[in-house]
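Trainee: Please take me through one part of this model at close range. I would like to begin with the ligand and the residues around it.

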Amino acid sequence: MSTSTTRLNEICKQLALDLKPLSGNDITSRSPADGATLATLKAHSAEQASAAIQAAHNAYLQWRTVPAPVRGELVRRFGQTLRQHKAALGALVSVEAGKITSEGLGEVQEMIDICDFAVGLSRQLHGLTIASERPGHRMMETWHPMGVVGIISAFNFPVAVWCWNSALALVCGDAVVWKPSEKTPLTAVACQHLLEKTIAEFNQEQPGAVPAGISQLLIGARDVGEVLVDSPLVPIVSATGSTRMGRQVGVKVAERFGRSILELGGNNAMIVTPSADLELAARAITFAAVGTAGQRCTTLRRLIVHKSIADQLVARLEKIYGSVTVGDPMTDGTLVGPLIDKASFDGMQAALAQAKAEGGTVIGGQREREDLGADAYYVRPALVKMPAQSKVMEHETFAPILYIVTYDGSAEDAIALQNAVPQGLSSAIFTSDLRDAERFMSPAGSDCGIANVNIGTSGAEIGGAFGGEKETGGGRESGSDAWKGYMRRATNTINYSGALPLAQGVRFDV
Ligand code: NAD
């Protein structure tokens with residue numbers, strides 16, 4: 001038995017999770033940590049997926065009438081369940097997605113945080129009261145549930161992204177149907193198991209509190225996701241993944257006038273100006289560029305550094321990059337775990353070859369720790385000094401590659417370089433100059449959904465709205481008023497006057 005399968009068995013015991021009823025031959029879950037097969041599962045057929053959507057829709061018809069604070073109580077209880085099982089679920093994220101222990105736990109903490117946020121929200125789904133131009137009239141807006149929210153998620157945040165969506169959707173009165181990545185089905189099975197356990201306990205205390213079928217899980221690849229995307233019973237599709245996927249999903253959902261929330265690829269940059277605290281910058285760059293082995297949508301991929309400080313900063317980074325511990329994600333001290341699979345490793349090597357062909361100098365990037373498994377892909381993170389921002393830098397390669405270019409002019413020149421890519425997710429500036437910082441956050445500054453000052457591009461908190469512009473898809477999830485994306489708005493005008501005045505002074509006497 002491999003290390004990963006031993007770990008999985010222990011986790012299943014802790015979660016009281018029985019995988020046997022799910023076993024089949026369609027979807028293979030493997031651990032990137034040692035390449036071992038963890039389980040092979042049955043996929044849902046198109047008919048089963050449609051039936052699950054119908055069941056969720058039926059549950060929604062009842063759930064929408066349950067008072068929002070009672071819906072919040074379900075999410076509060078789910079947050080408690082997650083607290084109890086944080087260690088086991090975090091470990092499962094490490095085993096199946098290859099995140100280091102601290103990041104696996106951090107992902108579950110993010111689920112707990114969004115549950116807390118959603119509980120508060122369940123008493124704050126506010127609309128406005130609006131002054132009417134007509135005497136004896138009042139206007140207001142009310143927010144209502146929409147129906148089934150289809151959630152399609154990526155391998156690299158296998159549990160948190162579902163929770164961002166489902167915690168909000170559930171308090172908003174929607175039902176959820178989740179199609180997780182085919183690379184990480186077990187973490188999804190575990191989440192659904194914990195939510196079902198929470199629902200059963202709630203229903204035991206308050207019979208009928210939560211309708212059966214309110215949360216559904218679909219196991220499968222893209223074809224199963226397409227059933228969600230095409231279903232008229234799914235008014236909202238929240239899809240997280242590559243821009244390639246979003247291009248297909250966005251068009252199909254728009255064709256049937258559905259609403260999509262797209263969270264797609266990033267190509268994030270940091271600008272380092274001459275006044276920056278370079279030691280702080282070096283630490284922020286390292287976490288943002290090599291954390292999660294470069295497999296975050298917000299991973300730092302482009303460093304735009306002023307010529308006058310470039311040698312000093314790059315020398316510091318070379319030293320750090322040479323010494324970060326690459327290895328088994330669950331061993332103490334490891335900072336860089338594995339890439340998800342061979343395709344990811346091949347993609348990284350192809351990008352490095354292209355960077356060289358475009359004049360780049362590559363430091364690192366080679367495979368390491370082959371002793372951990374023939375089918376486990378560990379790499380030394382790569383620094384690539386580029387003569388200019390060339391073609392290879394316009395694409396997101398989902399691996400730890402940090403391209404470095406210099407600029408010689410003003411912060412405006414650096415901002416122009418930063419914005420000159422098709423994606424618009426996250427961005428950062430390191431500077432001690434107030435004017436550069438403000439310019440960066442101004443309308444003429446960064447064109448991204450996230451624009452940070454003196455912190456890196458990754459590691460967002462759940463309180464803010466999360467998402468990005470351009471090819472990143474424009475969706476917003478998580479905090480702020482992202483909940484509005486899961487509800488429909490009705491404008492109500494109430495006439496208490498006994499007359500029937502028309503707006504804009506129109507007369508229509510009958
Ligand atoms: P992916 O696009 O290969 O797959 C994502 C999900 O979409 C999977 O569940 C997959 O089965 C499904 N899918 C693919 N094509 C589909 C289609 N035509 N119809 C319906 N479903 C379809 O992405 P991945 O490799 O799992 O994840 C990495 C990508 O995700 C990166 O580009 C990363 O930047 C992005 N990502 C973005 C965010 C964000 O919030 N912006 C967060 C995490 C990951």
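Mentor: The ligand is surrounded by 29 residues, and the closest are Ala 154, Gly 225, Gly 241, Glu 263 and Cys 297. A residue is near a molecule if its C-beta atom, placed from the backbone, lies within 6 Å of it. This is a predicted model: local features need pLDDT of at least 70, side-chain atom pairs count only at pLDDT 80 or more, and totals for chains, interfaces and linings use all residues. Residue numbers start from 1 along each chain as its sequence is written.

By class, the shell holds 12 nonpolar, 11 polar and 6 charged residues. Here Ala, Val, Leu, Ile, Met, Phe, Trp, Tyr, Cys and Pro count as nonpolar, Asp, Glu, Lys and Arg as charged, and the others, Gly among them, as polar. Two helices, α8 (222-230) and α9 (243-255), each supply at least two shell residues. The largest share, 4 residues, comes from α8. Helices (H or I, at least four residues) and strands (E, at least two) are DSSP runs, numbered from the N terminus.

The axes of α2 (residues 46-63) and α8 come within 10 Å and cross at roughly 40°. That makes α2 oblique to α8. Axes are lines fitted to C-alpha atoms, for helices over the stretch in contact, and angles run from 0 to 180 degrees between N-to-C directions. Angles under 35 degrees count as roughly parallel, over 145 as roughly antiparallel, 65 to 115 as roughly perpendicular and the rest as oblique. Ala 46, Ala 49, Ser 50 and Ile 53 in α2 meet Val 224, Val 227 and Leu 228 in α8. Contact is counted where C-beta atoms, placed from the backbone, lie within 7 Å. This contact has 6 nonpolar, 1 polar and no charged residues.

Next, the sheet. Its 7 strands form an open sheet in the order β12-β15-β16-β11-β10-β18-β19, with mixed pairing. Two strands pair if DSSP finds at least two bridges between them. β12 (361-363) and β19 (450-453) stand at the edges with a single partner strand each, so one side of each is left without a neighbour in the sheet. Neighbouring strands are turned by 20° against each other on average, direction ignored. β10 (residues 268-272) and β18 (residues 426-430) run parallel, joined by 4 bridges. In this pair, Met 270 stands opposite Ala 428. Helix α13 (residues 411-419) packs on the sheet, touching β10, β11 (300-306), β16 (401-407) and β18. Helix α14 (residues 434-441) lies across β18 and β19, at about 170° to β19.

Key. Contact = placed C-beta atoms within 7 Å.
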